[in-house]
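Hello,

Here is the structure I promised to pass on to you. Have a look at it first, and then read my notes below.

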Amino acid sequence: MVALGSNGEAAHLTEAERLQWIRLVRRALPSPLRLVAGTGAESTLATIERTRAAAAERAEAALVIAPSYFRRQLTLETLRAHYHAVAEASPIPILIYNVPVHMGYDLGTEWIGQLTGHPNIAGLKDSSGDIGRLPRLRRELGPDFVLLAGAGEKMIDALDAGADGAIAALANLAPHASAGIRTAWLERRADQALQLQATIAPLGEALTGGYGVPGLKAALRLQGYDHGDPRMPLPALAASQIPALRHLLEDAKLLPRALAS
């Protein structure tokens, strides 16, 4: 379970809100599940402080987005020093988070391989959308390194390419189907995995391709989970887009019949 990821609007929360959210999720999370908290910040010091604070609230791993504000000065050497300093100071394992659409740049296969190497850097979430890089990363980083994709609608492709799973926005709307895809794939029930993915993929593609956080929150509201509008400056989804979103949810069998009219 991930708290304070991109779709959790972590970038728009205060420090107090971030800690409160970790605390509330930890309290509600069933004991077999592990809690990963997003702790990345623009400075190494702030990232370390956030990571230690998350660990104090019983997060079991940290998802650390790469800094980006001064990206023209962010060389391989500076990012390696950043991640290794965080890993050295962190009481919990960390996962590198590569999300080019938000960072404004892509770490790339060459850099990712060289940013690791610290025993407390346990994995990577790669949201580049480049499934083709996963086999090489799996070979270079080894079988024990946790390799996660970021697109639920392409989970089978990612698993086939060497990923262990995914942290996906789509799982907020289709948790059972998303988990079912991975379970069916692991149990070699390929037809069932493909059927599940085909059912929810159009919705996932729409979220990734345009709806974003406004669409995700609107979809949750349609499902009966009203978490309010996005935090400003993000706008709410336009009313004119709701019918199409509703149709995608219905096609994915994610909208209860009583709410589909």
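**The core and what surrounds it**

The largest nonpolar core holds 48 residues, and those with the most contacts inside it are Tyr83, Ile94 and Leu107. A nonpolar core here is a set of buried Ala, Val, Leu, Ile, Met, Phe, Trp, Tyr and Cys residues joined through side-chain atoms within 4.5 Å; buried means under 20% relative accessible area (1.4 Å probe, protein chains only). Helix α3 (residues 76-89) gives the most to this core, with 5 residues. Helices (H or I, at least four residues) and strands (E, at least two) are DSSP runs, numbered from the N terminus.

Please keep in mind that this is a predicted model: local features need pLDDT of at least 70, side-chain atom pairs count only at pLDDT 80 or more, and totals for chains, interfaces and linings use all residues. Residues are numbered from 1 along each chain as its sequence is written, and side-chain values use heavy atoms, leaving out hydrogens and water.

Back to α3: its buried residues, including Leu79 and Tyr83, pack against α2 (44-56), β3 (61-65), β4 (94-98), α5 (108-115) and β5 (121-126). Contact means heavy atoms within 4.5 Å.

Now for β5. Because 5 of its 6 residues are buried, β5 is largely enclosed by the rest of the structure. β4 and β5 run parallel, joined by 5 bridges, and Leu95 stands opposite Gly123 in β5. On to strand β6 (residues 146-149): β5 pairs with β6 in the parallel sense over 4 bridges, where pairing takes at least two DSSP bridges.

Enjoy exploring!

Note on methods:
Buried < 20%, exposed > 50% of the residue type's maximum accessible area, 1.4 Å probe, protein only.
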